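Please look at the model first.

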Amino acid sequence: MTNLLLKTLMASGAGSGKDATFWMPEQASTVAHSVDLTFDVITWISYFFFVLITGALIWFIVKYQRKGHEAVTEGPVHNTTIEVVWTVIPLLLVIVIFVVGLKGYLNLQEAPEGCYEVQVTAQKWSWTFDHPDYAVTQVGELTVPEGQPVRLIMTSNDLLHSLWIPSFRVKMDAIPGRYTSLWFEATKTGTFQLLCTEYCGKDHSKMLAVVNVVPKEDFKPHMVKLASEYEDMSLEQLPAYAINRLYNRCQSCHSLDGSDNTGPTFKGLWDRVSKGDVNFTNGDNLSNLLGDGTDYVQPENYIRESLVNPQKHIVQGYLGAMPSFQGQLKEKQITALIEMFKRLDELTDADGNVIVNTDGTPR
Ligand code: HEC
Ligand SMILES: [Cu+2]
């Protein structure tokens, strides 16, 4: 009986990938339907019993109201039929809920064969997506093919985070020192919100990314293009690349408009650094460390060190909260960031909005 019920329920609207409703985001993955089904089954059972029990309650209040001092009834007596009924019906219901839930859960746990794999690293407060098949690293954006199962292998560099893609109805913790995984198969092209759903500190609410689902045949060309993007760029092209593709790893802590944040603003940073106008918490000053025979022969070296070994010198007024980008940024990408600092005025307007595209064309 439960099986028949299940089949009927599953058949209703299966795979249709409903649009967003007042209650729910759109369904854009193969598992979205079964997750919503479990939710709906439980909700509708609750509605039904809420009405039934409240109705009976009101009816009994009216019907069995004590009418006078003499109208005292006998106490209730044992009724086997009623007791069997109210045991068996809930039993069947929880079996249905269990089966529906278990099916959905196993579906989410067991990744199908031949998944496309992506390594996900969570770090305060950004998401990094590595595509080993193409040697591509994306930050703040995850490109995946439509109609192909994708498996995310996730870990965290600092503390607990949790990856959630509401439209796909998938969610999994990212845990330091451990790998977790989840899978999905997108059924629609377009962009979908991805967010951190584990409170992870001050800028947790900015720990966002988008999933960009592209048609299956466009996926490979897209990745190949991303992989070689900066390799072939000249020095003049690197700043526009850096502000569009690399700055999103820094933006949760460093602003472009001069406002203070977890870290110092990038606005005017090259000016301050090249003049040595930076004080450190140990009382030292950058100007004493710049020039021949010192730590940083060129000011570029200080920026490089800030990225690969950020704890070496802590800027006054800030905590040593900057994560190391050692091994995460290729040398050419570090160069790109340094060039970005030098030309920041050409890349942003007065309010710190980025005004160029990755290929250097104006926005
Ligand atoms: C989690 C927050 C955080 C992230 C993300 C972050 N930084 Fe920082 N950064 C800081 C803090 C805090 C400081 C100041 C303390 C210090 O010197 O370490 C800092 C300092 C710096 C400095 C030295 C600034 C100066 O005025 O001397 C540079 C350069 C820098 N960051 C570049 C970057 C770049 C480039 C990225 C992205 C690729 C980045 N940071 C990502 C927090 C962050
Ligand atoms: Cu987080």
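## Domains and their contacts

Nine residues of domain 2 contact five residues of domain 3; contact means C-beta atoms, placed from the backbone, within 7 Å. By class, the domain 2 side that touches domain 3 has two nonpolar, four polar and three charged residues. Ala, Val, Leu, Ile, Met, Phe, Trp, Tyr, Cys and Pro count as nonpolar, Asp, Glu, Lys and Arg as charged, and the others, Gly among them, as polar. The centres of domain 2 and domain 3, taken over C-alpha atoms, are 27 Å apart.

This is a predicted model: local features need pLDDT of at least 70, side-chain atom pairs count only at pLDDT 80 or more, and totals for chains, interfaces and linings use all residues. Residues are numbered from 1 along each chain as its sequence is written, while chains are lettered from A and ligands numbered from 1 in the order in which they are written.

The domain bounds come from an automatic or database domain assignment.

| Domain | Residues |
|---|---|
| domain 1 | 2-67 + 76-109 |
| domain 2 | 116-228 |
| domain 3 | 238-347 |

## Cores

The largest nonpolar core has 31 residues, and V120 and L194 have the most contacts inside it. Domain 1 and domain 2 both give residues to this core, so it lies between them. A second, separate core has 24 residues, including I243, V273, L286 and Y302. A nonpolar core is a set of buried Ala, Val, Leu, Ile, Met, Phe, Trp, Tyr and Cys residues joined through C-beta atoms within 7 Å. Buried means 20 or more other C-beta atoms within 10 Å of a residue's own, all placed from the backbone.

Not counting residues up to four places away in sequence, V120 touches W127, F129, L152, I153, M154, L163 and A174. V211 sits in strand β10 (residues 208-214). Strands are DSSP runs of E, at least two residues; helices are runs of H or I, at least four; both are numbered from the N terminus. V211 is buried, with 22 other C-beta atoms within 10 Å.

In α7, P299, Y302, S306 and L307 are buried. They span an arc of only 135° around the axis, which puts them on the same side of α7. The arc is that of the directions from the helix axis to the C-beta atoms. The buried residues of α7 pack against α6 and α8 (331-342).

Which residues come nearest to ligand 1? Of the 29 around it, they are C250, C253, G263, Y318 and M322; a residue counts if its C-beta atom lies within 6 Å of the molecule. Elements giving two or more residues to this shell are α6 (269-274) and α7 (299-308). By class, the shell has 19 nonpolar, seven polar and three charged residues.

Notes:
A residue is buried if 20 or more other C-beta atoms lie within 10 Å of its own, exposed if 12 or fewer, and partly exposed in between; C-beta atoms are placed from the backbone. Two residues are in contact if their C-beta atoms, placed from the backbone, lie within 7 Å.
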